[in-house]
Amino acid sequence: MANRNQGRRVVVIGLGRFGSSLAMELVRGGCEVLGIDSDPKLVQKHADELTHAAVADTTDVDAMTQLGVPEFERAVVGIGTEVEASILTTSLLADFGIPHIWAKAVSRQHGRILERVGAHHVVLPEHDMGERVAHLVTGRMLDYIEFEDDYAIVKTTAPAEALGKPLGETRLRSKYGVTVVGIKRPGSEFTYATPETVIHPHDILVVAGRRDEVETFADLT
């Protein structure tokens, strides 16, 4: 249970357009979010929407320590055009030993540097919007794509109740409103799911449905 609660605590550094949209999506999803930015105006703008918000120099070890940042297991660096601050902040988070660090990159070269200094996941905002990344940061989903009319496709692990039986007998569609489109078994390629497909532990599922339904389903894992 402790690990699950830790996964619900995220520090988001940089509250520009990308960072703020991601942070607010995390809050809507039930996460406790600490938002940090060096700009007091941005912090004030989003303070009422986030669990906690603070003004700080995110490259300062003492300031970040006082805010309790080393205690978080998940961190997102959403700093915009200040590439040096982005790199130094990411490096600091890595020094803290935070196990899951997501960092926004303004270019692929910037992204490679972020990976070298300790980012575990690099986000290019032209491909990854804040709302989508928020779903991935929580760890519930391995990938998430939302279409119009609140329809989404996600990649997630299989829930315990579906293991060891043919997909047609799991009644996942009637219970949760989702459709299992495909399955990937470790060491195998993705295959289309059929009612006869038996789900095993460690299988990765591709699931489609309305946004709230796929989110509920991902929470089962």
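1. Let me start at helix α10, residues 211–218, in this predicted model. Four of its residues, Val214, Glu215, Phe217 and Ala218, are buried. Looking down the axis of α10, you will find those buried residues within an arc of 160°, so they line one face of the helix.

2. For context, here is the chain as a whole. The chain has 221 residues, of which 44% are buried, and its secondary structure consists of ten helices and eleven strands. If you take the contacts between residues at least 6 apart in sequence, 56% of them join residues at least 24 apart.

3. Helix α5 deserves a visit next. A quick geometry check works out well: with 14 residues (83–96) at 1.5 Å a residue, α5 should span 20 Å, and its end C-alpha atoms are 20 Å apart, which agrees. Buried residues in α5 are Ala85, Ser86, Ile87, Thr89, Thr90, Leu92 and Leu93. The elements covering them include the strands β1 (9–13), β4 (74–77) and β5 (100–104), together with the helices α4 (61–66) and α6 (108–117). Just after α5 comes Gly97, with a positive phi of about 85°.

4. Is Thr90 buried or exposed? Its relative accessible area is 0%, and the cut-off for burial is under 20%, so Thr90 counts as buried. Setting aside neighbours within four places in sequence, Thr90 is in contact with Val77, Ile101, Ala103, Leu114, Val117, Gly118 and Ala119.

5. Helix α6 is one of the elements that cover the buried residues of α5. In α6 itself, His110, Gly111 and Leu114 are buried. These three cover an arc of only 100° around the axis, which puts them on the same side of α6. Arg108, Gln109 and Arg116, on the other side of α6, are exposed. The cover over the buried residues of α6 includes α5, β5 and β6 (121–123). Leu114 is also among the contacts of Thr90. Just after α6, Gly118 takes a positive phi of about 130°, and Gly118 is another of the residues in contact with Thr90.

6. Most residues other than glycine have a negative phi. Arg171, however, has a positive phi near 55° without being a glycine. Arg171 sits in the loop between α8 (167–170) and α9 (172–176), and at 55% relative accessibility it counts as exposed. His202 is also not a glycine, and its phi is positive at about 75°. The loop that holds His202 runs between β10 (190–192) and β11 (204–210). With a relative accessibility of 67%, His202 counts as exposed.

7. Finally, a word on the second largest pocket, with its volume of about 310 Å³. Which residues come closest to its centre? Of the 22 lining residues, they are Asp37, Ser38, Ile79, Gly80 and Glu82. Both α2 (17–28) and β2 (32–37) supply at least two residues of the lining, and α2 gives the largest share, three residues. Sorted by class, the lining has nine polar, eight nonpolar and five charged residues.

Notes:
Residues numbered from 1 in each chain as written. Predicted model: local features only at pLDDT ≥ 70, side-chain atom pairs only at ≥ 80, totals over all residues. Heavy atoms only, no water. Buried < 20%, exposed > 50% of the residue type's maximum accessible area, 1.4 Å probe, protein only. Arc of directions from axis to C-beta. Expected span 1.5 Å × (residues − 1). Contact = heavy atoms within 4.5 Å. 1 Å grid on protein atoms, 1.4 Å probe; cavity = no way out; pocket = protein on both sides within 12 Å on 5 of 7 lines; lining within 4 Å. Points joined across faces, edges and corners; volume = space filled by probe spheres on them. Nonpolar A, V, L, I, M, F, W, Y, C, P; charged D, E, K, R; others polar.
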